[in-house]
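Subject: Structure for your review

Dear colleague,

Please find below the structure that I am handing over to you. My notes on what was found in it follow directly after.

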Amino acid sequence: TSETFEEIAMAAVYLDTAAATFGGFVIKGRPTGKEIAPSYSSFLFQSSFFRNQVIKLGQGAVRANIGQKDLSKVTVLIPPLPEQQKIAAILSSVDDVIEKTRAQIDKLKDLKTGMMQELLTKGIGNSAFKDSPVGRIPEGWEVCMASEVADEVMVGVVIKPTQYYVDSGVPALRSANV
């Protein structure tokens, strides 16, 4: 059971040997005589081949669900065990790369946040500071209201680039009715 059809029958593979308690809306399955690698089955139940069948068999109006009877009709592909293990190893390697990439992205986002804090409050190479209404800021910087540097953008108008900041050549966006 789930809130949407896309999320019904989301599967997890439990590899521990300790006893586990399952909720009322969980269908538990165990391998039968067919040899299936647990690492392969975790990817099998996430595959579009499996997920598309489950979604089509789902029922419900308020919540989407699928029962044991319908779930038992879903077709699965079971290659020989050595091939299952190779498939799982390859997909696990890709998952590892994805996880490492996400970790790198998170570190870069943190670095950017820190750099923004530093650069947008202290600037680059500024050693001289002055007092201002918002605290100490670099010499040469000024404090002004946002309305002094940006036109008001109103809901329901089309935004068009209409002019450039004279000093920087950066396009300025102004609201313009069409």
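A salt bridge is counted here when a side-chain nitrogen of Lys or Arg lies within 4 Å of a carboxyl oxygen of Asp or Glu. By this rule the structure, which is a predicted model, has three salt bridges.

In one of them, the side chains of Lys73 and Asp70 meet at 3.6 Å, N to O.

Another salt bridge joins the side chains of Lys122 and Glu118, with 3.8 Å from N to O. Both residues lie in helix H4, four residues apart, which is about one turn of the helix. Lys122 is partly exposed, with a relative accessible area of 40%, and Glu118 is likewise partly exposed at 40%.

Asp131 and Arg136 also form a salt bridge, their closest N and O atoms being 3.0 Å apart. Asp131 is exposed at 61% relative accessible area, and Arg136 is exposed at 52%.

Regarding the overall layout, the protein has four helices and four strands. These are DSSP runs numbered from the N terminus, with helices (H or I) of at least four residues and strands (E) of at least two. Along the sequence they follow the pattern α-α-α-α-β-β-β-β. Of the 178 residues in the protein, 14% are buried.

Which residues form a nonpolar patch on the surface? They are Leu108, Leu111, Met115, Met116, Leu119, Leu120 and Ile124, and together they have about 730 Å² of accessible area. Patches take residues with over 30% relative accessible area and no salt bridge; nonpolar side chains (Val, Leu, Ile, Met, Phe, Trp, Tyr) are joined within 5 Å, and like charges within 9 Å. The areas come from the Shrake-Rupley method with a 1.4 Å probe, and for residues only the protein chains shown count as cover.

The largest pocket holds about 1,500 Å³ of space. A pocket is an open set of points on a 1 Å grid over the protein atoms alone, where a 1.4 Å probe fits, with protein on both sides within 12 Å along at least five of seven lines; lining residues have an atom within 4 Å of a point. Grid points are joined across faces, edges and corners, and the volume is the space filled by probe spheres set on them. The lining of the largest pocket comprises 38 residues, and Ile27, Lys28, Gly29, Arg30 and Phe45 lie nearest its centre. Helix H1 (38–44) and helix H3 (68–71) are the elements that give two or more residues to this lining, and H1 gives the most, with three. By type, the lining divides into 24 nonpolar, 10 polar and four charged residues. Here Ala, Val, Leu, Ile, Met, Phe, Trp, Tyr, Cys and Pro count as nonpolar, Asp, Glu, Lys and Arg as charged, and the others, Gly among them, as polar.

Lys28 is also 9.9 Å from Val13, C-alpha to C-alpha, the two being 15 residues apart in sequence. Val13 lies in the segment before H1 and is partly exposed, at 31%.

Residues are numbered from 1 along each chain as its sequence is written, and side-chain values use heavy atoms, with hydrogens and water left out. As the model is predicted, local features need pLDDT of at least 70 and side-chain atom pairs count only at pLDDT 80 or more, while totals for chains, interfaces and linings use all residues.

Yours sincerely

Notes. Buried < 20%, exposed > 50% of the residue type's maximum accessible area, 1.4 Å probe, protein only.
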